[in-house]
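Subject: A structure for you to explore

Hi there,

Here is the structure I promised to pass on. Please open it beside this email and follow along as you read.

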Amino acid sequence: MLRHGILVFSAIALVGSVSFGQSPTVEANRQKADEAYQARQYMRTVEYADAVLAESPEDHVALYLRGSARIELGVSTGNPDAVRLGIADAREAIRHEGTGLPDYYLPYIFGMSYLTGMEGKVNHAQTARQVADSVLEREDLADEERANLLYQRANAEVQLKNYPAAEADLRQAIQLSPKHSAAYMLQADITASTKSPAEGLAAYSQVITVFPKDAVAYNNRGMFLLNNNQAQQALSDFTVAAQLDPRFTEAHVNRGFCLIASGDYATAEQALNQALLVDEKHTGALGLRGNCRLNLGRTAEGIMDYRQVVQLAPTSATPYTELGFAQFFAGDYAGANGSFAKAMEIDPEARFLLPWRLAAEVRNGSITQELYRETLTRAEGQRDWVDSLILYQGGRIDEAGLLAAIHPTDVEAREAQICEGYYFMGLEMTRRNRPAEARGYFERALQRTTQARLSAFRGAQLALKTASAAN
């Protein structure tokens with residue numbers, strides 16, 4: 001979901017202050033980096049800024065833009081390492097700029113705030129708030145600069161769950177800058193997270209009333225609707241957002257996601273192609289298009305999309321995980337196990353992949369016993385859901401035993417585990433050459449419609465398609 005970003009200004013206004021004696025290539029790449037950032041093409045921003053910094057390592061505009069883009073990428077992908085790199089760039093930009101330009105503090109405050117949400121460490125947001133406090137003490141701030149800083153301090157307060165303080169900052173920001181759309185949108189976010197769904201929807205709709213031509217306003221209401229299981233209404237908002245701003249990649253991506261959820265893979269692929277025309281390296285669009293292509297029976301093309309994501313983010317576990325799922329669903333079990341292994345190497349906490357690795361290894365005819373030894377020796381009362389899926393595949397518990405292991409009270413965990421449980425039962429019945437029972441289990445997995453994002457849900461869909469095609 002695209003939220004409200006860092007609110008960077010156009011860096012072109014600063015080019016003259018750093019361009020004396022520099023090559024035309026540096027100036028051209030700096031301008032391209034700025035244009036890419038304004039178009040929300042963050043990976044391109046990083047590439048152009050890298051080119052500038054290769055020739056001019058202390059170029060504060062390039063550092064500022066690269067830092068902002070890295071933080072945006074880190075926030076959107078949940079990658080704290082990218083956020084930290086962006087914060088480091090922002091710190092260097094402030095140091096090399098030298099005059100204390102207020103806007104240069106925005107990415108630093110934004111990044112530190114979001115690290116709290118990612119890592120659960122309140123000291124990051126506390127630091128962000130302290131920095132915002134110190135800059136806001138200055139008397140030379142223009143109204144727009146003060147409004148932006150108040151907005152960023154409000155972000156820090158939200159991470160600290162100090163909602164009254166955040167709302168007070170946002171009201172002041174809007175008073176100083178009546179068309180501060182990001183402040184309005186963060187107000188709606190606070191309402192949505194602290195009040196009823198009806199009040200949340202009303203708050204997002206109010207933003208659209210104030211900013212009827214703002215694509216981000218429609219996109220954010222669409223995300224609220226989608227998260228409240230109103231996918232068709234969300235699709236309408238994403239469509240309007242894409243029409244208002246055809247270069248708004250996130251609107252095309254979100255529209256594609258809704259179309260996938262509705263089963264319209266062909267139209268979803270078209271929406272994702274539109275996103276990739278704007279930003280050919282958008283990893284979210286590539287991953288979703290890979291999903292579409294798998295469902296459309298174009299397996300090789302789908303896996304190619306997932307491989308592109310791995311190439312673009314080789315140090316992140318998630319792309320390898322998604323590639324592994326695609327390979328698993330396509331029947332490439334050796335490839336799937338290799339991808340899952342790489343994901344677990346990058347993220348040793350990704351224990352949820354162990355049942356999938358076992359399923360792949362069973363079908364590939366070679367089981368790494370050491371991977372599952374801990375589960376096999378764990379006392380019954382200490383087992384979790386991952387252990388149960390492993391034990392089921394090893395024949396240590398049956399279908400009734402697996403269902404009995406589903407969480408009894410946590411509704412969200414229960415729904416996901418029911419979907420996964422039935423999917424793995426379907427896999428096992430398929431392996432035993434009992435297709436009718438397999439179909440029944442896959443169909444039960446798909447009854448958990450709120451779990452459409454779950455890999456097991458997608459696997460059940462593809463398994464039923466494969467079975468229908470074979471019949």
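This is a predicted model: local features need pLDDT of at least 70, side-chain atom pairs count only at pLDDT 80 or more; totals for chains, interfaces and linings use all residues.

**A buried asparagine**

Residues are numbered from 1 along each chain as its sequence is written, and side-chain values use heavy atoms, with hydrogens and water left out.

You will find Asn 295 in helix α16 (residues 283–295). Helices (H or I, at least four residues) and strands (E, at least two) are DSSP runs, numbered from the N terminus. Is Asn 295 buried or exposed? Asn 295 counts as buried because its relative accessibility is 8%. The cut-offs are under 20% relative accessible area for buried and over 50% for exposed, with partly exposed in between (1.4 Å probe, protein chains only).

The side chains of Asn 295 and Tyr 265 also make a polar contact, at 3.5 Å. A polar contact is a pair of N or O atoms within 3.5 Å; within protein, one must be able to donate a hydrogen and the other to accept it, and residues adjacent in sequence count only if both atoms are side-chain atoms. For a sense of scale, the C-alpha atoms of Asn 295 and Glu 139 are separated by 59 Å, and these residues are 156 apart along the chain.

**The chain as a whole**

How many helices and strands does the chain have? There are 26 helices and zero strands. The chain is as compact as a globular protein of its length, because its radius of gyration is 24 Å, close to the 23 Å that the globule rule gives for 471 residues. That radius is taken over C-alpha atoms, and the globule rule is 2.2 Å times the number of residues to the power 0.38. Along its principal axes, the C-alpha trace spans about 75 × 50 × 45 Å.

Of the 471 residues in the chain, 52% are buried. Among contacts with a separation of 6 or more, 53% are between residues 24 or more positions apart.

In soluble globular proteins, nonpolar side chains tend to be buried together. Here, the largest nonpolar core has 67 residues, and Ile 87, Ile 109, Leu 149, Leu 170, Leu 186 and Val 207 touch the most other members. Helix α6 (residues 105–119) gives this core its largest share, eight residues. Apart from this core lies another one of 49 residues, including Phe 325, Leu 353, Leu 402 and Phe 457. A nonpolar core is a set of buried Ala, Val, Leu, Ile, Met, Phe, Trp, Tyr and Cys residues joined through side-chain atoms within 4.5 Å.

**Helix α4 from end to end**

Most of α4 is covered, with 14 of its 18 residues buried.

What caps the N-terminal end of α4? Asp 59 does, with a side-chain oxygen 3.2 Å from the backbone nitrogen of Val 61. After α4 comes Gly 78, which has a positive phi, near 70°.

**Some loop residues**

Arg 378 sits in the loop between α21 (369–377) and α22 (385–393), yet Arg 378 counts as buried because its relative accessibility is 16%. Its side chain makes polar contacts with the side chains of Glu 374, at 2.5 Å, and Asp 387, at 2.7 Å.

Arg 40, in the loop between α2 (24–38) and α3 (42–55), has a positive phi of about 65° although it is not a glycine. Asn 229, in the loop between α12 (215–227) and α13 (231–244), has a positive phi of about 60°, and it is not a glycine either. Arg 40 is partly exposed, with a relative accessible area of 23%, whereas Asn 229 counts as exposed at 62% relative accessibility.

Happy exploring!

Notes. Contact means heavy atoms within 4.5 Å.
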